[in-house]
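Q: Could you show me how to read the features of a protein model, taking one idea at a time?

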Amino acid sequence: MTRQEPTNFLYPFIDAQEDDPDSLLADLAASAQAKAAESLAVRRATLAANADLLNRAATELARRFNAGGRMFTFGNGGSSTDCTTLAGLFARPPAGNPLPAWSLATDQAIVTALGNDVGFELVFARQLIARAKSGDIAVAMSTSGNSPNLLTALTEARQRGLYTIGFAGYDGGAFANNPNVDACFTVRSQSVHRIQEAQALLGYRLWLTVQERCDQKVGAA
């Protein structure tokens, strides 16, 4: 008897075809191709749907960077690694000019101290209170757009004069149509995997467009 694993729903044909290796390999190849095609379609649709917003946001980010602004990114779980990757892309780019950007999710001492002392809902807001100033940029990354600590941080950032960006999936969640979110990039998918893949591409396009705008000295006298 085959032991049922909690992830069997992802690849149900593995157990069903385990005695037929050729059929199993064919099913695995078809599954991979279908996921790749779905990912490509979601990424293309996301870029098209967010093109105008991305250009507007990039122009504002370039203006703020040119005026001495800094970027702070934050997220939970897998989105914490995505926001750290985004901050690293801006701060240590493969080409172009480095721009000041930090992830608020990387210092485990700070995150766990704040979570323990004041509550997890404030782990990012408290860091913004200590470090951010008017003219800076706050970027929250989430698949749901509903995380309380991200919403709290975005509210704090907006009150402090930061330009606020939210990355979300599904229908945008609480990030969408939120007065504390200046720009909400929504990946309209029901798959966490596809959402995060498309968000990574949006982040890269945002960085690339900001680099182009900064080269043009947007907002400079």
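This is a predicted model: local features need pLDDT of at least 70, side-chain atom pairs count only at pLDDT 80 or more; totals for chains, interfaces and linings use all residues.

A: Residues are numbered from 1 along each chain as its sequence is written, and side-chain values use heavy atoms, with hydrogens and water left out.

Q: How should I read a strand, and is β3 enclosed or open?

A: In a regular strand, side chains alternate between the two faces of the sheet. Helices (H or I, at least four residues) and strands (E, at least two) are DSSP runs numbered from the N terminus, and buried means under 20% relative accessible area, exposed over 50% and partly exposed in between, with a 1.4 Å probe and protein chains only. Strand β3 covers residues 137-141, and because five of its five residues are buried, it is largely enclosed by the rest of the structure. Ile 137, Val 139 and Met 141 point one way from β3, whereas Ala 138 and Ala 140 point the other way.

Q: Which strands pair with β3?

A: Two strands pair if DSSP finds at least two bridges between them. Strand β1 (residues 71-75) pairs with β3 in the parallel sense over five bridges, and there Phe 74 stands opposite Ala 140. Strand β4 (residues 163-169) also pairs with β3 in the parallel sense over five bridges, with Phe 167 of β4 as the bridge partner of Met 141. Between β3 and β4 the chain passes through helix α6 (residues 148-159), and this β-α-β crossover is right-handed, a term used if, with the strands pointing away from the viewer, the path from the first strand over the helix to the second runs clockwise.

Q: Is Asp 136 buried or exposed, and what does its side chain reach?

A: Asp 136 lies in the loop between α5 (125-131) and β3, and it counts as buried because its relative accessible area is 0%. Its side chain reaches the backbone nitrogen of Lys 133 at 2.9 Å, a polar contact, meaning a pair of N or O atoms within 3.5 Å in which, within protein, one must be able to donate a hydrogen and the other to accept it, and residues adjacent in sequence count only if both atoms are side-chain atoms. Leaving aside neighbours within four places in sequence, Asp 136 is in contact (heavy atoms within 4.5 Å) with residues including Arg 64, Arg 70 and Arg 131.

Q: What is found at the start of helix α4?

A: At the start of α4 (residues 108-117), a side-chain oxygen of Asp 107 reaches to within 3.1 Å of the backbone nitrogen of Ala 109. Just after α4, Gly 119 takes a positive phi of about 110°.
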